[in-house]
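Please look over the sequence and the model shown here before reading on.

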Amino acid sequence: MSASAVYLDYAATTPVAPEVAARMAECLTREGTFGNPGSASHAYGEAASASVEAARAQVAAAVGAEAADVVFTSGATEANNLAIFGTAQYYRDAGRHIVTARTEHKSVLDPCKELERRGWSVTYLVPNADGVLEPARVAAAVRSDTVLVSVMHVNNETGVIQDVGAIAALCARSGRARLHVDAAQSVGKCSVDFAALGVDLMSLSAHKAYGPKGAGALLVSRRRGAHLTPILYGGGQEGSLRSGTVATHQAVGMGAAFELASAVLPTEHERIAALAERLWRKLRVLGGVLRNGERAARVPHLLNVSFEGVEGESLLAAVQPHLAVSTGSACASATQEPSYVLRALGRDDRLAESSLRFSLGRFTSEADIDTAAEVVTRAVERLRQLAGA
Amino acid sequence: MKYNELTRRHFEQPARAGTLAGPDCYRGASGSRSAGAWIQFDVRVSRTGGASRVLEVRFLAFGCPHVIAAAGVVAEQGEGGAPEPRLPQSIHSLRERLDAPVEKLGRLFVVEDAWIAALRHAAGERQNSAHDQITPSSC
């Protein structure tokens with residue numbers, strides 16, 4: 001990939017914000033807070049611990065949680081695993097049924113599949129054609145032995161926002177099922193209020209919000225009495241829910257990134273929405289294009305478009321020298337699989353394959369959007385002509 | 001996915017993309033868009049005296065870059081050759097030249113099938129079976 005390619009893959013990852021990187025660097029060297037935050041017996045450890053706790057407070061403030069709710073992890077994948085395995089194990093005597101959706105991230109689906117292998121029962125709900133998981137359907141799937149409902153807040157492929165608040169209210173009525181929300185794509189793209197939503201567990205990722213890779217958190221609502229069995233054992237860090245020395249620089253980076261994301265959200269939301277609409281208006285002119293999740297509530301930074309009459313791998317290959325985007329399919333390998341998310345929305349295999357996910361971010365400019373529209377238009381027209389369409 | 005120079009050149013600049021028309025042109029197609037690979041070859045065949053050869057080849061392609069490149073290479077190699085219903089080189093050899101994953105062999109066979117279909121139509125004409133000739137209206 002040429003370094004000069006326009007980067008429109010911010011949903012995959014974001015560059016670390018310079019001010020965040022500077023804060024992280026302060027934790028790494030002898031002059032900084034390099035101590036083990038678990039070393040309470042000396043000033044080095046105390047300084048590192050103070051940095052971690054400050055970061056914990058920043059993360060909590062950005063998502064409407066209590067600092068005590070924040071359990072630092074290595075990322076959203078670990079947070080999802082901890083939420084699912086930890087809940088399943090803790091409540092195993094109360095029931096062994098989980099409700100989730102087919103459009104969840106693999107780090108939710110794969111733990112669920114593993115639990116099925118261990119004798120659990122999992123219901124995989126299918127969203128409607130716009131990618132929306134209707135709360136009533138979630139409630140209908142909850143059984144007397146359901147102990148966990150796991151639903152993502154913002155879908156990583158379509159940007160569709162689920163009505164988590166309504167799902168939480170319906171789950172609460174069941175009395176038993178805990179609600180876990182994968183919010184890896186949410187911070188900095190839409191408002192997140194953990195306490196107000198009424199969810200029990202929430203997974204967060206730092207690197208989707210201009211923080212470092214390898215950093216994340218699971219919010220565990222103390223107020224709602226959520227309990228987990230840990231999946232890692234050792235030093236008993238993070239309230240014994242996640243043993244292992246807390247990576248001070250990662251936690252500090254996440255805290256700084258989340259604080260920054262909250263500060264710029266109001267202005268960025270509007271700017272990004274305008275850019276995404278500009279891109280969509282230009283692509284729509286091609287004809288034979290479908291905006292996935294068009295009628296649903298979405299985050300503004302994500303635009304997922306299916307192009308009729310072109311083959312997915314060729315489309316990606318044609319735009320790749322100029323654009324860093326991802327396809328709606330896991331098309332990078334020889335064993336190509338059309339996007340399971342788009343298929344769950346009712347797109348056929350060909351259309352699911354010929355989809356591009358444009359995800360805009362803090363550094364996306366109007367010129368980037370115009371370049372992207374021009375590159376994609378040229379590629380689609382050329383491939384359609386080549387296919388005799 | 002990474003593509004080698006040959007694949008990228010034929011994918012980005014498919015020199016023989018298009019169609020042919022006329023009484024000395026023959027068409028063969030294979031595959032389907034819904035299955036992910038579809039190829040159409042048009043060949044113009046010259047017949048002078050007892051000898052005949054492929055004068056010109058054009059193709060249309062729906063498929064991944066390896067499929068498009070394979071069609072381009074076959075079209076390039078086919079020009080000037082005898083109108084025999086077989087590839088100028090084996091599909092296995094072509095796959096290796098394009099550095100296509102072995103999983104794509106099935107798609108590359110679609111290219112071979114389309115080429116053979118076009119040349120069979122040309123051979124059929126020699127036996128006074130002109131129904132596969134391409135007329136301008138059919139293009």
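## Cysteines

The sulfur of Cys171(A) lies 14 Å from the closest cysteine sulfur, that of Cys112(A), and is therefore too far away for a bond; a disulfide requires two cysteine sulfur atoms within 2.5 Å. Cys190(A) is likewise in no disulfide, as the nearest cysteine sulfur, in Cys171(A), is 19 Å away. Over all chains, the structure holds 0 disulfides.

Cys171(A) counts as buried, at 4% relative accessibility, and Cys190(A) counts as buried at 11%. Buried means under 20% relative accessible area, with a 1.4 Å probe and protein chains only.

## Basis of the model

This is a predicted model, in which local features need pLDDT of at least 70 and side-chain atom pairs count only at pLDDT 80 or more, while totals for chains, interfaces and linings use all residues. Residues are numbered from 1 along each chain as its sequence is written, chains are lettered from A and ligands numbered from 1 in the order in which they are written, and side-chain values use heavy atoms, leaving out hydrogens and water.

## Interface between the chains

In chain A, 23 residues are in contact with 26 residues of chain B, contact being heavy atoms within 4.5 Å.

The count of salt bridges between chain A and chain B is 2; such a bridge places a side-chain nitrogen of Lys or Arg within 4 Å of a carboxyl oxygen of Asp or Glu. A salt bridge joins the side chains of Glu313(A) and Lys104(B), at 2.7 Å from N to O.

Note on methods. Buried means under 20% relative accessible area, exposed over 50%, partly exposed in between (1.4 Å probe, protein chains only).
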